[in-house]
Amino acid sequence: MFIVYKSNSLNRLLLKAYHIIQKKPLSNIFEKEIFVHDNKILFQYLNIFFAEKTGISANFKLYHPNYFIWKLFKIILSKKKLKNTFTHAMIAWEIMKILDNKNFLEYYNEKLDNIQKFKFSFLMANIFEQYIVYRPNWINEWEKEQNISITDPMAKWQKKLWMKITSNIKKIYPFSCHFAKLFYSIQALIQEKKIKKKYLPNRCFIISDLTLNPSYIKILKKISTYINIYFLYITPCKNNIFYLIKDNKVSLHEKIEKKNMFHNSLIMLWIQYEKIYSLYIIQSKKIKKINCFKKNKNDNLLNNIKNDFLEGNKLKKKDY
């Protein structure tokens, strides 16, 4: 079960989590309630919030999204010693070694010194890390060596470099793995219904944050058939702005102007941030969505701006 709670207030979302925990306590008193977020300061606030409600805060576990996904991988694949060997440092140093082979890359400048080599290796390690998480289909196609016609010269040498990196790392770690490979392995197991539910946690609370990428969301949605996932979605806007994006010929700014929506740089930035959640979560028909919005009552400048964001009113300079 995957349930989305949308609200403009973090306290209201935590209050929903509190009610769920109180009404449906876990069968095992030693099992921890799982919250997924990337900020430890928020976890401290969460402990304070629950301590004020119940008098004590205990049995809570905060996971960074990356660690939580890898924990699920270990449980589902029954591999306790599963490690991500394709770290940034490992990829960067492998590229450094490959650059020593002067005949490997066609357009490689042999006159580069060690500092320039390291800068290039560091940059390419960043790029490959992004590919692993955000473009797992590319990595999967490259490693399967499918006969795909690659016309882009940049993609050709990147594929060649990646295949050499994986070959070198596998020589050191024969059972090496990375997110892109496990991503498709997990999907196959779920489709074949070979997941052992008893080893999975009963539920978890996901607090929306910038580090939650589309691949993580896809995994969580599929795992939700086995565990209860409560997605606490913080947003200043009650209405979904992305219903405007239908005609590719008209720009997003023009559509917002036509609908008399927001003409504000903050909201435009927030639209880009919310795009992932809108496309992968909010628009999904299989997911239950519950609104928990609350209008700010105190009459001041900040609350007036928040209420305008909430209701979708157009912000005008003369109003403030």
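**Cysteines**

I looked up cysteine 292 in this predicted model and found a relative accessibility of 3%. Cysteine 292 is therefore buried, since the cut-off for that class is under 20%. I then turned to cysteine 204, which counts as buried at 0% relative accessibility. I also searched for disulfides and recorded zero in the structure.

**Asparagine 8**

Cysteine 292 came up again among the residues that asparagine 8 touches. I located asparagine 8 in the loop between strand E1 (2–7) and helix H1 (10–23). With residues up to four places away in sequence left aside, I listed its contacts as Thr235, Pro236, Cys292, Phe293, Lys294, Asn296 and Leu310. For proline 236, I noted a separation from asparagine 8 of 228 residues in sequence, against 4.8 Å in space from C-alpha to C-alpha. For lysine 294, I noted that its backbone oxygen lies 3.0 Å from a polar atom of the asparagine 8 side chain. Asparagine 8 has a relative accessibility of 23%.

**Histidine 37**

I next examined histidine 37, in the loop between strand E2 (33–36) and helix H2 (40–54). Not counting residues up to four places away in sequence, histidine 37 touches Leu42, Leu62, Tyr63, His64, Pro65, Ile207, Ser208 and Asp209. Tyrosine 63 is 26 residues from histidine 37 in sequence, and I read 6.2 Å between their C-alpha atoms. I also found the backbone oxygen of isoleucine 207 at 3.3 Å from a polar atom of the histidine 37 side chain.

**Helix H4 and glutamate 94**

I checked the span of helix H4, which has 12 residues (88–99). From first C-alpha to last it reaches 17 Å, close to the 16 Å expected at 1.5 Å a residue. I listed the buried residues of H4 as His88, Ile91, Ala92, Glu94, Ile95, Met96, Ile98 and Leu99.

From that list I followed up glutamate 94, whose place is in helix H4. What is its relative accessible area? I found 2%, and glutamate 94 is accordingly buried. Which residues does glutamate 94 touch, not counting those up to four places away in sequence? I recorded Ile165, Asn168, Ile169 and Ile172. With asparagine 168, I noted a polar contact between the two side chains at 3.5 Å.

Key:
Residues numbered from 1 in each chain as written. Predicted model: local features only at pLDDT ≥ 70, side-chain atom pairs only at ≥ 80, totals over all residues. Heavy atoms only, no water. Helix = DSSP H or I, 4+ residues; strand = E, 2+ residues; numbered from the N terminus. Expected span 1.5 Å × (residues − 1). Buried < 20%, exposed > 50% of the residue type's maximum accessible area, 1.4 Å probe, protein only. Disulfide = S-S within 2.5 Å. Polar contact = N/O pair within 3.5 Å; in protein donor to acceptor, adjacent residues only side chain to side chain. Contact = heavy atoms within 4.5 Å.
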